[in-house]
Amino acid sequence: MIYVAGGTSFLGKRVVGKLLNNKKELRCLFRSEAAKYKLLDLQKKNRKKFDLVGGNLLSTDSLIYSLKDVDTAIYMVRLEYVEFVKNFINAAVKCGLKRVVFISSTTTLLPTENKIKKLKLQSEELIKKSGLNFTILRPSMIYGGCEDDNFYKMLNFIKNKGFFVIFGSGKNLIQPVYVDDVANAILDVLENPSTFGKTYEICGKNAIEYNEMLKIVRNKLKRNFKIIKLPIGASKLAVEVYKKIVRKSDFNSDQIERMKIDKAYSYTEAQKDFNFNPISFEEGIEREINEIGFNKKK
Ligand SMILES: NC(=O)c1ccc[n+]([C@@H]2O[C@H](COP(=O)([O-])OP(=O)(O)OC[C@H]3O[C@@H](n4cnc5c(N)ncnc54)[C@H](OP(=O)(O)O)[C@@H]3O)[C@@H](O)[C@H]2O)c1
């Protein structure tokens, strides 16, 4: 029996679909009625049943019942919630789980310090010291389909407004990873002893400049759009002023500052241990555009 925490997440839904296709017996955790309905929808979409169990990462006790008779778990809840990780580890150890795969992120590799990076690293340390038979996967920015918070929003913005705004020169590198490549990696490490006790970076095929990424998007969307480049310093100031007045913004100045940083990673270890072979951004964004139906004639 495979236990899934975070089955209602963007990534989690793909993972659940793939596990069901592989005829795995599943149990998914839900913490609210809304989450339970999302899982029931997932059953309908996949035309397959799986166990649903109520519980909350806020407490170890509520997890112990849900982990009864489970030997393997996949944990896809953000690792910055360190208390959740502690509670889950306590419950997993008490219930004698034999195998747990945790999803972290390449935020842990940023060259600059920030709160999220610190908290995720704290959780990774707890996992490593837990005594559990773990594997940690660290995906870069994940994209694919209409639940992708990153590129779906961007494609919609371009479609509706006819332009796109970037902060800085656009020469920074990015290496987003397609959601199915992350989901496949999770399934591939699950029973693979070469991956036990190890941590892997999971990212797209190649790192590309932000400017190059926009060129690919333009080609695949078959639509010309303007690119407005704003200097980083002035943008940070503008966002802070905007937040003071409106008290709400999609961005904060730290996020803008991080846009200067190259986010390029190596996945050699993953390639070596479980044949990780991700698709290129060109292929991935084309799949996303087709999946969403952006280029379909009305
Ligand atoms: N998205 C990315 O670009 C990206 C990049 C790198 C790594 N990751 C990692 O991939 C994983 C999934 O990310 P995502 O963006 O797809 O996730 P997400 O949309 O943020 O979903 C978070 C999940 O955690 C569950 N959850 C939160 N609090 C909980 C609690 N107290 N008890 C039980 N469940 C709780 C949520 O359930 P509800 O349905 O109840 O809210 C949901 O299933 C995370 O570990 C994330 O750090 C994501």
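Predicted model: local features only at pLDDT ≥ 70, side-chain atom pairs only at ≥ 80, totals over all residues.

Colleague: With which residue does E257 form a salt bridge?

Modeller: The general idea is that a side-chain nitrogen of Lys or Arg lies within 4 Å of a carboxyl oxygen of Asp or Glu. Here the partner of E257 is K260, and the closest N and O atoms are 2.8 Å apart.

Colleague: How many salt bridges does a search of the whole structure find?

Modeller: The search finds 18 salt bridges. One of them joins the side chains of R14 and E291, at 2.8 Å from N to O. R14 belongs to helix α1 (residues 10-21) and E291 to helix α12 (residues 281-292), so this pair ties together parts that are 277 residues apart in sequence. E291 itself is partly exposed, with 44% relative accessibility.

Colleague: Which residues are joined with R14 and E291 into one network?

Modeller: Salt bridges that share partners link R14, K18, D180 and E291 into one network.

Colleague: Let us turn to the pair R138 and E124. Are these two residues buried or exposed?

Modeller: For this reading, buried means under 20% relative accessible area. Both R138 and E124 are buried. They form a salt bridge whose closest N and O atoms are 2.7 Å apart. R138 lies in strand β6 (residues 134-139) and E124 in helix α5 (residues 115-129), so the pair ties together parts 14 residues apart in sequence.

Colleague: How should I read the cysteines, and how many disulfides does the count give?

Modeller: In general, a disulfide is a covalent bond between the sulfur atoms of two cysteines. The rule asks for two cysteine sulfur atoms within 2.5 Å, and by this rule the count comes to zero.

Colleague: Finally, which residues make the nonpolar surface patch?

Modeller: The patch is made by L237, V241, Y242, I245 and V246, and its area is about 520 Å². Of these residues, V246 lies in helix α9 (residues 232-246). V246 is partly exposed, with a relative accessible area of 44%.

Technical notes. Residues numbered from 1 in each chain as written. Heavy atoms only, no water. Patch = residues over 30% accessible without salt bridge, like charges linked within 9 Å, V, L, I, M, F, W, Y side chains within 5 Å. Areas by Shrake-Rupley, 256 points an atom, 1.4 Å probe, with all protein chains shown as cover. Helix = DSSP H or I, 4+ residues; strand = E, 2+ residues; numbered from the N terminus. Buried < 20%, exposed > 50% of the residue type's maximum accessible area, 1.4 Å probe, protein only.
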